[in-house]
Amino acid sequence: MNFNELKNVKVTISDDGIAWVNLNRPDKRNAMSPDLHFEMVDVLKELAEDPKVRVLVLGGEGESWCAGQDIKLFFRELDDKPRERHLARLANHEWRWTLLSSFPKPTIAMVHGYCFGGAFVQLFACDFAIAADEALFGLSEVNWGILPGGLVGKVIVDGLSYRDAVYYSMTGEQLDGKKAAEIKLVTQSVPGEQLRARTEALAQELAKKNPQTLRTIKESLRLVRGMSVDQAADYLLAKEREMRFLDREGGREKAMTQFLDEKTYRPGYGEYQRGAEEQGEKEAS
Ligand code: COA
């Protein structure tokens, strides 16, 4: 895929394995048009199993992370075009939820400027969210006379306290990055000038860890939330076995050897020492 041909998304893959994926409609505050949705589906499918990519960061070009759905192009112009509306809706759901929440590598939302309405879906689909203190979040749907639909209502009741979900969706009151971190709408908030550096540091930390372990942890945590205790216990055991089968680094055995026999590391202070071949090019082949 030639990323240079994209019109609504900007993709850069750094040498340390971080895919910086930015929504790229800065003039419209990165409001999401149907074409942006179609491009994001292609981008996420392309990056998911790209061996060069170890972590994905979702950002936004210009002064805003994402101003929600494009009211003109996604709503009004498709009102009388059922086929186009259907296809746009499918793509909108596919990348923001299906592909992003199950992305096989860690994902970080790097939020600055505005994050409104529909943008909450990709915010919660990402594993981590780092926000600028000055960022502004809002469930503005109530002010448009519409529901926090398109999965927004579901991700907020699952991801926030019920009280906060109801309060912010029924009042439309905005909150800044600090408040968003306080109610755990985001993982952390930092002064705007530190946003990129903090996000990059987190991405680099994740990029050093065993990729199969990270993948299994995120898959497991997302799914056990909807399970009974018995189902979760059985599922986690099966995932543990799956991970040992799929882990090409043999992380579990190596870590035990390093801790019990070689005494070269303690897990409370750092990860086991991964061989160069596991961290580098061999994995890419
Ligand atoms: N859909 C369509 N266009 C949007 C948009 C959206 N969600 N958000 C911003 N834009 C467009 C504006 O119409 C404007 O276009 P124009 O230059 O052709 O007039 C451009 O982006 C810049 O927006 P503007 O309002 O001038 O910028 P601002 O920095 O003063 O304010 C926002 C930014 C995001 C606060 C404001 O545009 C806004 O409230 N947008 C709606 C956000 C929202 O409620 N989204 C959820 C929808 S459910």
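Reply: By the rule that a salt bridge is a side-chain nitrogen of Lys or Arg within 4 Å of a carboxyl oxygen of Asp or Glu, the count comes to 16 salt bridges. This is a predicted model, in which local features need pLDDT of at least 70 and side-chain atom pairs count only at pLDDT 80 or more, while totals for chains, interfaces and linings use all residues. Residues are numbered from 1 along each chain as its sequence is written, and side-chain values use heavy atoms, with hydrogens and water left out.

Me: What makes D127 and K218 a salt bridge?

Reply: Their closest N and O atoms are 2.9 Å apart, and the limit is 4 Å, so the pair is called a salt bridge. D127 lies in the loop between α4 (119-125) and β6 (128-132) and K218 in helix α10 (residues 211-224), so the bridge ties together parts that are 91 residues apart in sequence.

Me: Why is K218 called buried?

Reply: Buried means under 20% relative accessible area, exposed over 50%, and partly exposed in between (1.4 Å probe, protein chains only); K218 has 10%, and therefore counts as buried. D127 has 25%, so D127 is partly exposed.

Me: Which residues form salt bridges with E219?

Reply: R215 is one of them, with the closest N and O atoms 3.5 Å apart, and K239 is another, at 2.6 Å. E219 lies in helix α10 and K239 in helix α11 (residues 229-246), 20 residues apart, so this pair links distant parts of the chain. Salt bridges that share partners join E49, R215, E219, K239 and E242 into one network.

Notes:
Helices (H or I, at least four residues) and strands (E, at least two) are DSSP runs, numbered from the N terminus.
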